[in-house]
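Hi,

Here is the structure I promised to pass on.

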Amino acid sequence: MLTLIYLIGSVTFILGLKMLSNPATARRGNLIAAGGMVLAILGTIFLYEENGEKLGNYGWIFGGIAIGTVIGFLAAKKVKMTAMPEMVSLFNGMGGACAMLISIVEFNHLVNLHTSHVDYEWFAFGPANRGSLVISIIPAGQLFIIVLGLIIGTVSFAGSIVAWGKLNGKIRDFSFKGQQVLNIIVLLLIVGLASYLVWKASQTGIEISGFALEKNLPDESFFTEIKFLFYSIFILSIFYGVFFVLPIGGADMPVVISLLNSFTGVAAACGGFLYDNKVMLTGGILVGAAGTLLTILMCKAMNRSLANVLIGSFGGNKTTAGGAGG
Amino acid sequence: MSDFLNWITLHQQIIYIVILMIFVGIEVIGRVPSVLHTPLMSGANAIHGVVIIGAIIVMGKAEHDNYLALILGFLAVVLGTLNVVGGFVVTDRMLEMFKGKNKPAKGNKTGH
């Protein structure tokens, strides 16, 4: 049933986007996508099951949704027509923050799950002590997705907040000599640390081949180290998001917001990957791809190249390509 | 590394979806007129609010004594809802405005 709901949700998103790109049907397209979204959310709340277990904490979920709905509705209704783009940027930042928080919670979940079970010995008595078997303690693939979601979500969140501040005049253009170089260094540092983190996790595990048992069990210092790495990446991403948007001029803001929008889409898709959730995946990738194209179209409409707009940080562009591919 | 490749094999279905969706996303908005750039951006912004589903799952799975997960999950649900509701409402308002302005413009176009 939930699969069907998610399928309908995905189709409404595609249809909605399609209709949004035509003036005659745009408004209806928006409503259709909104309907699909409501369906997908309700379906998740009431029908989602993991290992036969339904979701709990309904009070918290409904409370959160109620608060978000009231604030979101009022903010969107009250905002002046001229302030629309900054509102879009703010909401986009909220989505990025949401993806970021999901990554943080899931990372803690992953780490706590294993620190609380210090006794790994039972693996040795597992069913497959003949042949070859690899048991990983921290699944590297999962960690990779979590970290990717964290980086993209955080950059999008920090960048959108700065874009919002710049559009409503709270934050002024700010750039200094060597900023582009600094941005690229920070980005490389993020990529480097993230690769190291995932590599480190992939080194742990238990390998059983024949009767030989090879163990590489993580100890206390391992967990301290990966936690340190994870939060360093988090802080560097905030830093990158801020300095990525800061030097860009006010008139170019819509282009940047559109780019950040597609970032958040990719971050949402990471969540879809993580939970094997098709509607998040389709919605996220759809926005990631359409948003990237839209960014390019917007640049073209302004007779400028994307590189020209993003002169502050050319590297940011590459993240989308890499992220969308992942 | 073999761990990672294994994981890719396991999730190949998802990877196919990703590749196809990239093309769908590009095809679907390929010929958007420039007046609709901002509403389309706003609509896409609302659609990536699907992250809220992830937030709901995080929230729903949190143990009752795991305060970090509860608080961050709750915050994620609120922010995700803001993204969804705010996104769709703002888009609707934008398009409402366009409707009034665009009708004569559209009439002109057909007249040409």
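First, the ground rules. This is a predicted model, so to speak of local features I need pLDDT of at least 70, side-chain atom pairs count only at pLDDT 80 or more, and totals for chains, interfaces and linings use all residues. Residues are numbered from 1 along each chain as its sequence is written, chains are lettered from A and ligands numbered from 1 in the order in which they are written, and side-chain values use heavy atoms, with hydrogens and water left out.

On to the charged pairs. Side chains of opposite charge can pair when their charged atoms come close. I call it a salt bridge when a side-chain nitrogen of Lys or Arg is within 4 Å of a carboxyl oxygen of Asp or Glu. Over all chains, that gives 6 salt bridges.

One of them pairs B:K61 with A:E50, with 3.3 Å between the closest N and O atoms. B:K61 sits in helix α4 (residues 51-61) of chain B and A:E50 in strand β1 (residues 49-50) of chain A, so this pair joins two chains. (Helices, H or I of at least four residues, and strands, E of at least two, are DSSP runs numbered from the N terminus.) B:K61 is partly exposed at 28% relative accessible area, and A:E50 is partly exposed too, at 30%. For those words, buried is under 20% relative accessible area, exposed is over 50%, and partly exposed is in between, using a 1.4 Å probe and protein chains only.

Within chain A, A:E225 and A:K200 form a salt bridge at 3.7 Å, N to O. A:E225 belongs to helix α7 (residues 220-245) and A:K200 to helix α6 (residues 179-203), so the bridge ties together parts 25 residues apart in sequence. Here A:E225 is partly exposed (28%), while A:K200 is buried (18%).

A:D276 and A:K278 also make a salt bridge, their closest N and O atoms 3.2 Å apart. Both count as partly exposed: A:D276 at 43% and A:K278 at 26%. There is also a salt-bridge network linking A:R27, B:D92 and B:E96.

Lastly, an unreviewed UniProt entry puts "transmembrane region" at residues 14-32, 44-62 and 68-91 of chain B. UniProt positions follow the numbering used here, feature names are shortened, and annotations may be inferred rather than shown by experiment. In the model, residues 14-32 of chain B are 79% helix and 0% strand, with end C-alpha atoms 28 Å apart. Residues 68-91 of chain B are 100% helix and 0% strand, and their end C-alpha atoms lie 34 Å apart.

Cheers
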